[in-house]
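Here is a short briefing to read alongside the model. Please take a look at the sequence and the coordinates before going through the notes.

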Amino acid sequence: MSPRAVVVGPPGSGKSTVGRLLAERLGVGFRDTDDDIVKRAGKSISEIFTDDGEPAFRALEEETVAVALAEHAGVLAVGGGAVLSERTRGRLAGHTVVFLNVGMAEGVRRTGVSSARPLLAGVNPRATYKALLDARLPIYREVATVEIGTDELIPADVAAAIEERLREAGGVEAAQHERGA
Ligand SMILES: Nc1ncnc2c1ncn2[C@@H]1O[C@H](COP(=O)(O)OP(=O)(O)O)[C@@H](O)[C@H]1O
Ligand SMILES: [Mg+2]
């Protein structure tokens with residue numbers, strides 16, 4: 001079993017919000033590895049960072065993503081930093097992976113009101129967010145099969161755009177199949 005689409009992107013790119021809407025559009029289930037981690041650990045992601053440290057969180061995340069990729073057939077949102085793991089990037093190969101891109105200003109605006117994002121809790125959220133985007137952009141692009149810029153779109157329109165791109169991609173695959181490619 002393989003997810004219909006795996007959604008990746010930086011914090012605030014809309015993985016949870018858009019992922020859920022996309023699942024509704026496609027008539028499939030939605031799963032979010034951040035929620036899986038909270039369930040497994042029995043505490044919030046902030047608490048895991050504080051109590052156990054980021055390496056422990058990343059190890060738990062790696063395992064959680066592997067399980068979800070194997071089990072879930074619907075839309076799967078994967079935690080923003082999960083792609084930092086080389087093993088996870090390897091596991092994403094061959095999947096339909098949607099990268100939700102967002103610029104710094106909009107990303108900071110969307111994450112600004114949240115205290116539940118430990119990586120952005122520092123003294124200068126703008127600089128922190130910019131550093132995170134710069135470091136991760138090539139990695140998101142490496143794992144993604146589809147990229148959508150979300151800065152100017154409301155979540156419902158992002159979901160619609162993804163569905164269209166997935167249909168195009170499916171059409172191309174079907175055409176290749178017909179030609180015996
Ligand atoms: N395309 C969008 N336009 C405006 N606001 C958005 C968009 N996508 C997400 N948001 C808002 O930004 C915040 C973070 O979205 P969320 O789905 O939690 O991001 P992620 O799961 O990628 O961290 C939420 O308040 C959400 O409603
Ligand atoms: Mg999320």
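## Helix pairs, sites and fold

Helices α2 and α4 pack at an angle of about 115 degrees, and their axes are 10 Å apart. Axes here are lines fitted to C-alpha atoms, for helices over the stretch in contact, and angles run from 0 to 180 degrees between N-to-C directions. This is a predicted model, in which local features need pLDDT of at least 70 and side-chain atom pairs count only at pLDDT 80 or more, while totals for chains, interfaces and linings use all residues. Residues are numbered from 1 along each chain as its sequence is written, and chains are lettered from A and ligands numbered from 1 in the order in which they are written.

**The α2 and α4 pair**

- The crossing of α2 and α4 is right-handed; a crossing counts as right-handed if the near helix is turned clockwise from the far one by less than a right angle, and left-handed if anticlockwise.
- On the α2 side the contact uses T33, D36, I37, R40 and A41, which meet L60, E61, T64, V65 and A68 in α4. Two residues are in contact if their C-beta atoms, placed from the backbone, lie within 7 Å.
- By class, this contact of α2 with α4 holds five nonpolar, two polar and three charged residues. Ala, Val, Leu, Ile, Met, Phe, Trp, Tyr, Cys and Pro count as nonpolar, Asp, Glu, Lys and Arg as charged, and the others, Gly among them, as polar.
- L60 is found in helix α4, which spans residues 54-71. Leaving aside neighbours within four places in sequence, L60 is in contact with I37, R40 and A41.
- The C-alpha atoms of L60 and A41 are separated by 8.6 Å, with the two residues 19 apart along the chain.
- L60 counts as partly exposed because it has 18 C-beta neighbours inside 10 Å. A residue is buried if 20 or more other C-beta atoms lie within 10 Å of its own, exposed if 12 or fewer, and partly exposed in between, with C-beta atoms placed from the backbone.

**The α6 and α7 pair**

- The axes of α6 (residues 104-111) and α7 (residues 125-143) come within 10 Å and cross at roughly 120 degrees. That angle makes α6 oblique to α7, since angles under 35 degrees count as roughly parallel, over 145 as roughly antiparallel, 65 to 115 as roughly perpendicular and the rest as oblique.
- The crossing of α6 and α7 is right-handed.
- M104, G107 and V108 in α6 meet P125, R126, Y129, K130 and L133 in α7. The residues of this contact divide into five nonpolar, one polar and two charged.

**Annotated binding sites**

- An unreviewed UniProt entry gives the annotation "binding site" to G12, S13, G14, K15, S16, T17 and R117. UniProt positions are in the numbering used here, feature names are shortened, and annotations may be inferred rather than shown by experiment.
- K15 lies in helix α1, residues 15-26, and is buried because 26 other C-beta atoms lie within 10 Å. Not counting residues up to four places away in sequence, K15 touches V7, G9, A77 and L100.
- S16 also has its place in α1, but is partly exposed, with 17 other C-beta atoms within 10 Å. With residues up to four places away in sequence left out, S16 touches D32 and A77.
- UniProt (unreviewed entry) also places the feature "binding site" at D34, R58, G80 and R136.
- D34 sits in α2, residues 33-41, and counts as partly exposed with 19 C-beta neighbours inside 10 Å. Beyond four places in sequence, D34 touches I45 and G79.
- R136 is found in α7 and is partly exposed, with 17 C-beta neighbours inside 10 Å.

**A loop residue**

- A73 is in the loop between α4 and β3 (75-77), and counts as exposed with 12 C-beta neighbours inside 10 Å.
- A73 and V28 are 45 residues apart in sequence and 7.7 Å apart in space, C-alpha to C-alpha.

**The chain as a whole**

- The chain has eight helices and five strands. Helices (H or I, at least four residues) and strands (E, at least two) are DSSP runs, numbered from the N terminus.
- From the N terminus on, the elements run β-α-β-α-α-α-β-α-β-α-α-β-α.
- Buried residues make up 31% of the 181 residues in the chain.
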